[in-house]
Structure formats: structure tokens, C-alpha cells
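Please have the chain open in a viewer while reading this report.

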Amino acid sequence: MKSRTDYPVIIIGAGVCGLRIASLLSAEGIPCRVLEARGRIGGRVLTEEVFSRPELGRFDLGPTWFWPQYEPTIANLINELGLKTFPQYSEGNILSERSHTTPPQQFALPDGAMESSVRLEGGVQSLIDAIAATLPSGTVELNQRVKTIRHKSDGLLTVEVEGMREEITASAVILALPPRLAVNKISFEPALSPELRMDMMNKPTWMAGQAKVLAIYERPFWRDQGLAGFATSWAGPLQEIHDASPLTGSGALFGFFGLTARKREELGEQRILKLVDEQLRRLFGPLAAERIAFLYKDWSIDSDTATSEDAEPIREYPDYGPHLNDPTWNKKVWFAGTETASAQGGHLEGALQSADRTVYELLKSYRQDH
């Protein structure tokens with residue numbers, strides 16, 4: 001007769017948290033399957049190249065940097081995987097723009113005024129790929145959209161996937177995706193408690209209401225002008241701009257929008273990029289017009305990231321942390337992901353801390369069953 005541990009752990013979501021959980025469980029000899037709705041791994045990590053110009057480098061449209069002095073989990077993992085980092089460029093003056101008609105002001109920041117962060121050579125996708133490379137072949141299954149999770153009377157679970165004729169029997173299911181997405185996209189039989197559903201819906205999806213744009217250049221020309229590439233603006237459409245250039249070679253500027261998701265939808269991508277082009281010229285001069293390409297990602301219209309509730313901007317840092325307990329699903333369905341982290345929620349660090357916590361608790365549960 002089969003025991004609980006004879007069935008795989010099903011991990012829903014192949015972002016950094018889901019992949020790390022699969023890697024840790026595989027190292028313990030626990031079989032697992034990672035089901036990912038997208039046609040790629042990475043989740044909110046998205047690193048792209050300029051079409052037909054791969055030599056320009058790889059650019060992050062999701063998370064971009066981290067702070068090793070405050071985020072030891074990701075720092076240790078990057079060392080473990082042998083990945084290379086470089087400091088985020090911060091030398092030179094910063095720019096501040098008050099209006100469309102007033103020239104931007106330059107300021108020199110005192111030494112140590114900005115916390116030093118680092119970036120990954122090859123973009124954050126290099127971390128995703130390195131974690132995925134630790135998994136047994138076939139662990140990750142793309143284009144697998146989970147519809148229903150059922151709690152059977154024998155204590156096991158079944159997972160129903162769109163287009164799949166047979167349900168998957170699982171010893172446990174780990175939800176490594178945004179809580180709101182899980183509530184909106186997946187049916188639970190029996191239903192989650194109202195208290196747990198409310199708790200999940202009250203945790204906004206980090207980055208889901210945001211959009212990010214990168215302007216790519218042959219070189220980081222602003223550095224020749226004594227500028228750091230860092231700018232703030234009250235005029236917009238970009239509220240904050242940073243140097244996103246690779247370690248060597250091409251140059252790039254990326255910006256966070258001050259526009260809400262609804263305003264971006266109203267304007268449309270073409271109009272938005274025209275406004276970005278005008279703003280970069282105001283800030284960085286005529287050389288800003290010599291860009292090679294724009295890369296643009298609006299996370300609020302990505303149905304595998306955002307729900308309608310996420311269109312409302314986050315006005316203060318969310319109160320993340322583990323979800324409330326539901327006795328029906330306790331030790332059967334595990335909630336992971338950066339929105340469940342007790343610290344650094346929303347960051348890559350939070351996603352990895354959540355992975356460590358989930359694996360620790362799952363292994364403890366398995367040992368108690370024996």
C-alpha cells in the first residue's frame with residue numbers, strides 16, 4: 001500500500017520561490033512537479049534582450065538589484081551557485097525635475113547617502129536559470145494552468161489542470177504564486193475558509209500594479225556628463241529613473257511610472273512611450289533621442305501576475321507574512337511566495353526566505369508522519 005510520501009509534492013508556480021522549493025526538496029530526495037501557467041520560468045523575473053541585438057546585453061523588466069548587506073539569503077545562494085554580481089552604478093550627480101517647463105536641477109549626493117546595491121551579470125534571469133539547472137530533468141512543466149485542488153477523504157490531494165484528462169495525485173500542494181492570484185484562479189474543494197480567503201485577498205501582489213520601461217543606448221552617454229543616471233520627477237510620466245546599463249558595453253536607463261495602471265491603460269503603450277521619450281530628452285539632453293530601442297512591460301495587464309484588485313496603487317508597504325491557518329487544509333496546502341514572507345516581503349530575498357520556511361515546515365510534517 002502506498003504511503004503519502006510515495007506521491008509527489010506539486011508546486012504551483014515556477015518563479016524564484018517555486019523553483020527554489022523544488023531544488024531544496026529534490027536535494028532531500030522528495031519527488032516534486034512544478035506546474036507553471038506561463039510558457040517560461042521566472043514569474044515576475046523577466047530579463048529580455050533587444051530583438052536582433054543580443055550583443056547589447058540582457059535587461060531586467062522585473063526585479064533588478066538586491067542589497068547583500070541586508071539580504072543574506074539571496075547573497076548566500078548567489079555565492080553557492082557561483083553567479084557574478086557588480087555594483088549598481090551611482091557615481092555622479094542626480095537630476096530632479098519639478099515641471100515640464102523648468103530645466104532639471106543637478107545635485108551631488110554626499111558619500112554614503114545612497115545604500116549600495118548590486119546586480120547580477122546577465123540579469124536576474126541568470127539566477128532563475130541557475131536554480132532550474134539544479135532540478136532533475138522534467139521537473140518543471142510549462143503551460144500547465146491549475147484549475148482545481150481537491151482534498152480527498154484518504155488524506156491525499158488531487159490537482160486538476162486545464163486540458164489534462166487525468167488529475168494528478170499529490171502528497172501536498174505548495175502555492176508559490178501571489179495570494180490574490182490563487183484565490184481568483186484556483187478552486188478549492190472543500191472551499192478555503194472565509195477568513196483565509198480574506199487574508200489572502202488583503203495581501204496586494206508586489207509589482208502587479210506597476211510598469212517598467214528601459215531605454216537602450218549604444219553606451220551610457222550620461223556618465224560622460226558627470227551624471228549617475230538617477231533622476232526623480234514630479235512631471236512624469238516616469239517618477240524615478242536609474243542607470244540600468246550592463247557591466248560593460250551598452251547603456252540603459254530604466255524608470256518606474258508615476259501613472260496608475262488605469263491611466264496607463266487609458267493612454268496606451270504608444271502614447272506612453274512617446275511621453276517617456278520626451279521626458280528623457282528633457283532630463284538627459286539630445287543624446288537621449290539616439291536610443292536603439294525601448295523595452296516595456298506593464299505588469300498590471302499580465303493575467304498571470306495581476307488581478308483587478310491590484311490596479312489600485314500600493315500606498316504604503318504591505319503587511320505581509322504567513323497566512324492564517326485553515327484546519328481543513330493544514331499540512332496539505334502550503335502557502336509560499338514573497339507575499340508570505342515575514343521579512344523583505346515583495347523582494348527576491350522574501351521569496352527565498354519563504355522557500356526556506358516552507359521546505360523546513362514540510363519536511364518537519366513528513367518526519368512527524370513517520
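Predicted model: local features only at pLDDT ≥ 70, side-chain atom pairs only at ≥ 80, totals over all residues.

Residues are numbered from 1 along each chain as its sequence is written, and side-chain values use heavy atoms, with hydrogens and water left out.

According to UniProt, in an unreviewed entry, the feature "domain: Amine oxidase" is placed at residues 115–362; UniProt positions follow the numbering used here, feature names are shortened, and annotations may be inferred rather than shown by experiment. Helices (H or I, at least four residues) and strands (E, at least two) are DSSP runs, numbered from the N terminus.

An open sheet is formed by three strands in the order β5-β9-β6, with antiparallel pairing; two strands pair if DSSP finds at least two bridges between them. Its edge strands, each pairing on one side only, are β5 (65–66) and β6 (85–87). Between β5 and strand β9 (residues 118–120) there are two bridges in the antiparallel sense, and Phe66 has Val118 of β9 as its bridge partner. In general, strands of a sheet pair through backbone hydrogen bonds, either parallel or antiparallel.

Leu214 belongs to strand β16 (residues 211–217). Because its relative accessibility is 1%, Leu214 counts as buried, where buried means under 20% relative accessible area, exposed over 50%, and partly exposed in between (1.4 Å probe, protein chains only). Apart from neighbours within four places in sequence, Leu214 is in contact with residues including Phe59, Leu61, Ala252, Phe254 and Leu295, contact being heavy atoms within 4.5 Å. The C-alpha atoms of Leu214 and Leu295 are separated by 5.0 Å, although these residues are 81 residues apart along the chain.

Helix α2 (residues 72–81) packs with helix α8 (residues 348–368) at an angle of about 80°, and their axes are 8 Å apart; axes are lines fitted to C-alpha atoms, for helices over the stretch in contact, and angles run from 0 to 180 degrees between N-to-C directions. α2 is therefore roughly perpendicular to α8, given that angles under 35 degrees count as roughly parallel, over 145 as roughly antiparallel, 65 to 115 as roughly perpendicular and the rest as oblique. Pro72, Thr73, Ile74 and Leu77 of α2 meet Leu348, Glu349, Leu352, Gln353 and Asp356 of α8 in this contact.

Finally, some backbone values call for attention, since most residues other than glycine have a negative phi, and most peptide bonds are trans.

| Cis peptide bond | Omega |
|---|---|
| Glu189 to Pro190 | near 0° |
| Gly236 to Pro237 | near 10° |

Pro190 lies in the loop between β15 (187–189) and α5 (194–201), whereas Pro237 is in the loop between β17 (227–233) and β18 (238–243). Ser52, a residue other than glycine, has a positive phi near 70°; its place is in the loop between β3 (47–48) and β4 (59–60), and at 58% relative accessibility Ser52 counts as exposed. Asn143, also not a glycine, has a positive phi of about 55° and sits in the loop between β10 (140–141) and β11 (146–151), where Asn143 is exposed with a relative accessible area of 55%.
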